[in-house]
Amino acid sequence: MQDLFSSIDSMKEFVVDTQRELVAIPAVGPMNDGDGEVAKAKRLLGILAELGIEDVARYDAPDPSVSDGVRPNLVVRIPGHDTSRTMWIIAHIDVVPPGDLSLWNSDPYELVRDGDRIIGRGVEDNHQGMVSSLCLAKGLLDNGITPPINLGLMFVADEETGNAFGLDYLLENHFELFGAEDLFLVPDFGDASSEVIEVAEKSAFWFRFAVEGEQCHASTPDQGNNSLVACSDLILRLQALNDVFDDRDELFSPPVSTFAPTKKEANVENVNTLPGRDVFYLDARVLPQYPLESVQKEIGIHCREIEKRYGVTVSCDAVMAEQAAPPTPADAEIVERISKAVLAIYGKKARVAGVGGGTVAAGVRRKGLHAVVWATLSHQAHQPNEWASIAATIGDAKVMAHALMAGKS
């Protein structure tokens, strides 16, 4: 195994060069006003071919909302001595938009290197995990190493907006890819200590609120009904959800349910028009014991109160609703493998935890398979000037290698 580790240690320039190519290709889903992941998937196919991996299965999920008409998912399997089992490493191709460009110090789609840091949209979420898995594959192939079990690499679409065209599509339409004894690692969450192994997620709900008033000239507000005032009051009232759903579970970080107002659609274009329609969104991450229906019912109470007080109409639609999946047991084999690998590579004692942010692991768990989410990350996802560590990318590749090669014992 030392030859494999030494080989991975020598891949710093491979990490930077691969990240530079990936960052240069925006892969934003249509729900975020992008055109999907096909261009980046094609470049990934080229990178895999350069590593000597020609046998790549592509599974396209039909999606008429992008110009290519499909959302691509790539699957690679490097055979092991025991071909009946596969350790899967699953990373997502898509990224979120850069947001306010004035907050960036450089072009989000042009990689910047600053010592150990590389900066650009997607470098951490989820290129780091993707490139770590490529380092492992390159190390195996360069050294002619056959792992004890298969190594499976999966690069999926649509993680940022619900997974329907990504891993969920594969789980629903190509479940034959997976075996009951397979192992699943999703390198899409973690902290800088390398100690956190995510085994559970909260339920995730996205709500869209539309507040309808009556537009008029702002100099005569009595002739209309200002939707922005009612909308603002509703946003503040929804903070009371924190008091209603107030259970704590220390497995999770944070240990409580969260209700965060996020996106606000534009209303009027000019200052002297009183708005008659306002739309905003709420991101809710709720502890698993609370059913979706109870959250919706409580939100409905606040909507009706706003309608009564302001004479407006309020509609609330769940644009995404995922009840929490069953957790991966703390004594599952993949937990044990990653824990031992973290101790061997980083000298750290790992611990299991739950998170609020959703990953593709939830879909795997809903199928009765055991998945963990782990990586060494600095919580840069979705931020301006997003950065990732070259050293962590290399270290995580070695953890993946140890988990694959050393097994349980």
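Residues are numbered from 1 along each chain as its sequence is written. In this predicted model local features need pLDDT of at least 70, side-chain atom pairs count only at pLDDT 80 or more, and totals for chains, interfaces and linings use all residues, while side-chain values use heavy atoms, with hydrogens and water left out.

Me: Why are α1 and α11 called roughly antiparallel?
Reply: Helix α1 (residues 2-9) and α11 pack at about 160°, with their axes 9 Å apart. Angles run from 0 to 180 degrees between N-to-C directions, with axes as lines fitted to C-alpha atoms, for helices over the stretch in contact. Angles over 145 count as roughly antiparallel, under 35 as roughly parallel, 65 to 115 as roughly perpendicular and the rest as oblique. The pair α1 and α11 is therefore roughly antiparallel.

Me: What makes the α1 and α11 residues a contact, and which residues take part?
Reply: Contact means heavy atoms within 4.5 Å. L4, F5, I8 and D9 of α1 meet I394, A397, K398, A401, H402 and M405 of α11. By class, the contact has seven nonpolar, one polar and two charged residues; Ala, Val, Leu, Ile, Met, Phe, Trp, Tyr, Cys and Pro count as nonpolar, Asp, Glu, Lys and Arg as charged, and the others, Gly among them, as polar.

Me: How do you know that β5 and β18 pair?
Reply: Two strands pair if DSSP finds at least two bridges between them. Strand β5 (residues 117-119) and β18 have three bridges, in the antiparallel sense, and I118 has A388 in β18 as its bridge partner. Helices (H or I, at least four residues) and strands (E, at least two) are DSSP runs, numbered from the N terminus.

Me: Why are β4 and β18 at the edges?
Reply: The open sheet has the order β4-β5-β18. β4 (112-114) and β18 (387-389) each have a single partner strand, so one side of each is left without a neighbour in the sheet. Helix α4 (residues 123-142) lies across β5 and β18, at about 30° to β18.

Me: What makes β12 and β15 edge strands in the sheet of four?
Reply: The order is β12-β14-β9-β15, with antiparallel pairing. β12 (258-264) and β15 (313-322) each pair on one side only. Nine bridges join β9 (residues 203-212) to β15, and W206 stands opposite M320 in β15. Helix α6 (residues 227-237) packs on the sheet, its direction making about 10° with that of β14 (277-286).
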